[in-house]
Amino acid sequence: MNHHRLRIWFSSVSIILILFGILYCFAGLKILPVSKNVLLDWESAIYGAVMIGWGTTLFLLGRLAFRRQDKEIMKILLYGIILWLIVEAIFSFYWGVYLNIGVDIAVAILFAFPIIKAIKYPEPEKNE
């Protein structure tokens with residue numbers, strides 16, 4: 001798989017994250033099949049805003065890292081993403097929102113796959 005496709009993959013997942021952040025800001029987390037007692041409207045807006053900002057950061061920084069084939073930035077992205085999802089999964093477990101643990105695992109795989117592939121198999125430089 002070439003780096004252009006990996007960059008598109010990573011960018012697409014980032015955009016999906018941003019869109020879910022927007023959805024949560026306006027519809028709230030109450031659209032999810034979880035106990036309504038643990039949700040507040042303002043928490044939904046804050047969570048959505050964080051997802052928008054984080055998704056934008058991942059999108060822009062990810063595109064730069066893939067374009068430059070910068071393994072150091074890719075590793076930083078990978079560590080940040082994995083930390084985010086581990087902490088989120090822990091709190092999801094604590095609050096009994098078990099569905100989100102599966103979502104966290106899926107998101108981790110979707111983001112980690114192109115990063116790990118690009119780190120392990122760098123695209124050869126083109127001679128012009």
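The following conversation walks through a predicted model of a protein.

Trainee: What should I know before I start?
Mentor: This is a predicted model, in which local features need pLDDT of at least 70 and side-chain atom pairs count only at pLDDT 80 or more, while totals for chains, interfaces and linings use all residues. Residues are numbered from 1 along each chain as its sequence is written, and side-chain values use heavy atoms, with hydrogens and water left out.

Trainee: How many helices and strands are there?
Mentor: The protein has four helices and zero strands; both are DSSP runs numbered from the N terminus, with helices (H or I) of at least four residues and strands (E) of at least two. From the N terminus on, the order is α-α-α-α.

Trainee: And what box do the C-alpha atoms fill?
Mentor: Along the principal axes, the box is roughly 60 × 25 × 20 Å.

Trainee: What share of the residues is buried?
Mentor: Of the 128 residues, 34% count as buried. Buried means under 20% relative accessible area, exposed means over 50%, and partly exposed lies in between (1.4 Å probe, protein chains only).

Trainee: Which residues are central in the largest nonpolar core, by the number of other members they touch?
Mentor: F10, I81, F111 and I115 touch the most other members of that core, which has 26 residues. α1, α2, α3 and α4 each supply at least two residues of this core, and the largest share, seven residues, comes from α3. A nonpolar core is a set of buried Ala, Val, Leu, Ile, Met, Phe, Trp, Tyr and Cys residues joined through side-chain atoms within 4.5 Å.

Trainee: What does F111 touch?
Mentor: Leaving aside residues up to four places away in sequence, F111 touches F10, V13, S14, L17, L58, I81 and W84. Contact here means heavy atoms within 4.5 Å.

Trainee: S14 is on that list; is S14 buried or exposed?
Mentor: S14 is buried, because its relative accessible area is 0%. S14 lies in helix α1 (residues 3-27), and it touches G55, L58, F59 and F111, again not counting residues up to four places away in sequence.

Trainee: Next, α2. What is its reach?
Mentor: α2 has 28 residues and spans 41 Å from its first C-alpha to its last, close to the 40 Å expected at 1.5 Å a residue. The expected span is 1.5 Å times one less than the number of residues. Buried residues in α2 include S44, G48, M51 and G55, and the buried residues of α2 pack against α1, α3 and α4 (98-120).

Trainee: What follows α2?
Mentor: Q69 follows α2. Q69 has a positive phi of about 55° although it is not a glycine, and it is partly exposed at 29% relative accessible area.

Trainee: How many salt bridges are there?
Mentor: The count comes to one, where a salt bridge is a side-chain nitrogen of Lys or Arg within 4 Å of a carboxyl oxygen of Asp or Glu. The side chains of K30 and D41 form it, at 3.0 Å from N to O. K30 lies in the loop between α1 and α2 (41-68) and D41 in helix α2, so the pair ties together parts that are eleven residues apart in sequence.

Trainee: Are those two buried or exposed?
Mentor: K30 is partly exposed at 39% relative accessibility, whereas D41 is exposed, with a relative accessible area of 53%.

Trainee: Last topic: where is F91?
Mentor: F91 lies in helix α3 (residues 71-95) and counts as partly exposed at 48% relative accessibility.
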